[in-house]
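Morning, everyone. Let me put the model up, and then we'll go through it piece by piece.

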Amino acid sequence: MIKIEDVTKSFGDILALDHVHAQIHENSIFGLVGTNGAGKSTMLRVAAGVLQPEGGRVLIDELPVWENPQAKEKICFLPDTAWFFPNATANMMRDYYKIVYPDFMEERFDELLAKFDLDPKRKLATFSKGMKKQVSVLLGICANTEYLFCDETFDGLDPVMRQTVKSLFAAEILNRKFTPVIASHSLREIEDICDHIGLLHKGGILFAKDLDEMKLGIHKVQCVIPDPKKEEELFSELEVLKHEKRGSLLTVIARGKYDEVLARIEAKQPLFCEILPLTLEEIFISETEVVGYDIKNLVF
Amino acid sequence: MISKISFSKLVRDELRKLNWLLAVQMLVFGLLIPFRVLIELSVQRPRFFSEGVSLQEVFYSSIGLGHPENTMFILMAGVVCAISAFSYVHSAEKLDFFHSLPIKRERLFAAKYLGSVLTFAAAYILSQAAALVIGAAYGVCSAKIVFEMALATVEGILCFLCSYAGTLVAVMLTGKLLATFLAVGVLGAYFPLIWVLKIGMQELFYYTALASDMSGVNSTDILMCSSPWAFAAFHKRGMVKGITGTMPSLAGLCQLLAVAAVFSLLALALYRARKTEAAGNAIAFRKVEGIAKVLLMIPAALCAGVVAYASFYSPVWEFFFILFFGALGCMIIEFIYRSDIRQVLAHKSHMLITVVVASAVFFACRYDVTGFNTYLPEKDEVEAMAVYHYDMFGVENEGKDEHKVLDALAIEDFTPVYEMAKAGIEQTPSADWTDEREIKVKYCLKNGTSVYRRYRIDQELYYEKMDELQKQEDFRTLCYPILTWEDTQQISSLEFSVYTGDLETLGLSDIKRSDQEISDSEAEFTLHISGKDMDQVIEAYRKDLETVSYSELQSYEMCLRFYKKDGTSGGCYYVSDGCENTLKVIQEIFHRKTSGKTAGK
């Protein structure tokens with residue numbers, strides 16, 4: 001487990017992380033979301049032991065990460081801009097990773113390179129941005145560390161590759177102890193892969209919750225209620241976060257237990273009623289409103 | 001816990017990444033050492049057969065110890081290797097990569113350090129070995145030359161390490177490549193320039209200080225200690241001469257190693273202390289920015305003040321120059337720091353400190369606030385005084401420090417010296433030296449301390465007071481060592497020379513220039529005297545010194561120059577026409593010699 005305890009980090013006058021607390025559990029995919037400049041990269045760099053925080057500490061399986069190879073050998077950090085040695089090929093990078101990560105999965109790396117159709121002997125400098133990202137992700141996965149910190153990893157990958165990488169993450173979680181931490185400015189990119197979400201805003205973490213847990217308390221319902229009076233009554237009976245009416249079709253996002261919400265709607269004798277899956281964006285609007293933040297304009 | 005990561009693998013990998021550096025150094029040192037040897041031997045080989053030119057000497061002069069051009073390239077290699085291996089600390093992307101790896105910074109530092117040092121060591125050792133092989137092929141190699149080559153290689157590697165470690169400190173202090181180059185320049189040149197500025201300001205403002213007080217110690221020693229590069233270039237050598245050059249002493253090699261070690265440890269400490277986010281900043285440590293700026297700009301502003309003093313001699317201009325160049329310098333440094341022209345006026349407090357401190361130092365020196373030039377102890381505080389002027393030829397001063405010369409001349413009845421010093425303090429310095437004399441004075445104070453000064457005084461006063469001193473037996477004894485020579489056997493001969501003067505009046509008009517006893521030189525004539533004649537001259541001169549005045553002695557350009565048996569000078573003593581006894585003896589010797597020669601013919 002990764003524990004982030006009261007971490008503070010500033011760059012000159014700019015406070016990048018302001019007393020951040022968070023916990024990242026094992027064998028789950030943690031998404032770190034936030035606007036540009038929210039502190040996501042700083043957070044990952046502190047957690048990876050690249051930056052030293054001014055206050056607080058980061059523990060990797062109870063070991064402080066700063067200047068501690070024992071803790072850092074459990075982590076592989078993939079920064080937003082993949083950097084490779086000058087004139088390096090994928091094979092050369094693999095050889096270096098083999099030195100610094102003794103449990104590096106060489107065969108799996110070669111196999112994945114072939115699957116991704118990446119030439120192991122071609123200079124990485126000649127690769128496109130997306131291809132470099134792919135090599136970087138493959139190196140990170142094959143480093144065989146327990147935790148993989150990915151900073152804007154999906155940025156630059158095409159949709160097919162994005163899904164492939166997500167599948168790879170899922171497969172790794174099934175096969176071994178593996179916890180990816182993915183920082184992204186886009187909720188849409190990570191909503192279908194993350195189990196836990198942490199929202200960073202202006203250097204502070206607003207919350208970090210289990211996605212399913214969040215989904216249980218909020219529901220999106222589409223229905224047609226012929227009686228306008230009953231429709232008005234429904235609004236007063238439910239904790240409605242958002243509603244929209246197109247013709248006779250009413251869409252309501254409301255907080256509450258699934259059964260309760262459904263029972264109240266059915267009591268209004270709707271002609272049609274259906275509970276729809278919520279997007280991460282919709283969940284976030286509601287959750288951030290709870291903590292007093294109006295981030296609609298910030299995140300989406 | 002022992003790391004699973006193999007250090008040797010890290011070093012090997014580093015070497016692989018720096019193979020281009022190895023290739024460049026192989027080329028440079030290959031051309032510099034074995035190729036040069038090959039060319040030299042090839043060119044000289046025909047002369048060996050035709051003119052008997054020694055190929056061994058050619059070989060010895062091309063390799064081994066004492067090649068400044070080799071040292072220069074070695075120092076440059078140190079700079080290039082350090083920057084190549086550690087330039088990643090200037091890149092945020094590279095630092096994200098390296099510092100996220102499960103390797104302690106010390107270990108990473110050590111691997112990169114060793115890797116890049118090995119590129120140099122391999123290139124240099126192979127070049128030296130290749131030169132030996134070429135020498136062996138020409139049949140001019142010997143065990144001694146192998147030893148000297150090995151010694152030169154060790155010395156070269158240590159010089160490289162000094163330069164390398166010094167550059168590493170510059171790399172760790174900065175966050176940009178350009179700033180690193182500037183830092184190398186600053187670290188290398190700052191202290192020598194400060195030293196030059198100090199001497200220049202003392203020369204201008206503390207004109208009563210002895211010249212040796214200004215430099216204090218040997219300037220080479222100062223230069224040597226000013227930076228690791230200077231230490232490597234000017235490190236002290238031993239006394240043993242080898243066949244290719246002077247061998248370095250063991251102490252010298254140990255000092256080189258110590259300097260390299262100290263700077264390497266300093267670089268490691270800076271590497272550990274520097275923040276990852278410092279990459280991209282000109283200076284890696286924010287707190288140092290202001291200090292570095294002020295420390296650089298105060299001497300620069302002082303230089304500007306000195307230039308204004310020399311050009312305008314006006315306090316207003318001097319202050320303006322200090323203000324303008326101090327502020328301008330701060331702005332330039334701020335621009336280097338921020339790379340933003342809009343921020344050049346940031347940190348005005350630094351400008352203020354620079355201008356205030358530089359002005360305070362400059363004007364304190366200019367107006368002699370400490371009273372250095374006007375220092376004159378009360379007479380009753382002084383136990384003895386000494387005076388020296390370069391006219392006092394009898395005083396053995398060759399190669400001696402001014403302090404030591406003055407130390408040997410202290411007299412207790414010092415009133416004339418004190419009055420000369422007092423007059424020197426009151427005299428306004430001028431550019432015209434025609435009627436002035438510069439004297440050096442030592443105050444031996446009753447509290448046990450000694451103070452040395454030099455003054456320019458009026459010529460008339462100088463002779464008046466020196467005449468008074470001449471009457472004192474103590475002064476004569478110290479000023480004219482000839483009076484105390486107990487055994488004149490140490491003197492082998494003397495020369496009596498007349499530079500200008502009326503030869504007839506002196507009774508020497510019948511001198512023939514062709515005479516063997518007389519040699520042409522700058523003098524109109526010179527008479528060589530030795531043996532018993534010389535003893536007679538010495539005795540006569542001693543008598544004359546009791547009566548003749550100092551000023552009178554100075555007015556004639558005749559002198560007795562003594563030579564010791566080892567060929568060194570035994571001093572030079574002026575002779576005037578008042579030296580009746582001396583001249584009489586010389587005339588007798590001279591006439592006897594000339595008449596003897598005539599009779600012989």
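Chain A has twelve helices and 14 strands. Helices here are DSSP runs of H or I with at least four residues, strands are runs of E with at least two, and both are numbered from the N terminus. This is a predicted model, so local features need pLDDT of at least 70 and side-chain atom pairs count only at pLDDT 80 or more, while totals for chains, interfaces and linings use all residues. Residues are numbered from 1 along each chain as its sequence is written, with chains lettered from A and ligands numbered from 1 in the order in which they are written.

Stay with chain A. Its C-alpha trace spans about 70 × 45 × 30 Å along the principal axes. Of its 300 residues, 41% count as buried. Buried means 20 or more other C-beta atoms within 10 Å of the residue's own; exposed means 12 or fewer, partly exposed is in between, and C-beta atoms are placed from the backbone. Now contacts: two residues are in contact if their C-beta atoms, placed from the backbone, lie within 7 Å. Take the contacts in chain A between residues at least 6 apart in sequence: 69% join residues at least 24 apart.

One residue as an example. A:Val33 sits in strand S3 (residues 30-34) of chain A. Is A:Val33 buried or exposed? It counts as buried, because it has 25 C-beta neighbours inside 10 Å. Leaving out residues up to four places away in sequence, A:Val33 touches A:Ser184, A:Leu187, A:Ile190, A:Ile197 and A:Leu199. A:Phe284 is 251 residues away along the chain, and its C-alpha atom is 11 Å from that of A:Val33.

Next, the cores. A nonpolar core is a set of buried Ala, Val, Leu, Ile, Met, Phe, Trp, Tyr and Cys residues joined through C-beta atoms within 7 Å. The largest has 179 residues, and A:Ala47, A:Phe149, B:Cys162 and B:Ala301 have the most contacts inside it. Helix H7 (residues 143-173) of chain B gives the most to this core, 16 residues. Apart from it lies another core of 50 residues, including B:Met466 and B:Leu494. Back to A:Phe149: beyond its neighbours within four places in sequence, its contacts are A:Leu44, A:Ala47, A:Ala48, A:Ile75, A:Phe77, A:Leu78 and A:Val181.

Now helix packing in chain B. H7(B) and helix H8 (residues 177-205) pack at about 130°, with axes 8 Å apart. Axes are lines fitted to C-alpha atoms, for helices over the stretch in contact, and angles run from 0 to 180 degrees between N-to-C directions. H7(B) and H8(B) are therefore oblique to each other. For the classes, under 35 degrees is roughly parallel, over 145 roughly antiparallel, 65 to 115 roughly perpendicular, and the rest oblique. Among the residues making this contact are B:Gly166 and B:Val169 of H7(B), and B:Ala183 and B:Leu187 of H8(B).

Last, the interface. The contact takes 21 residues from chain A and 24 residues from chain B. On the chain A side, helix H2 (69-72) and helix H3 (90-100) are the elements that give two or more residues.
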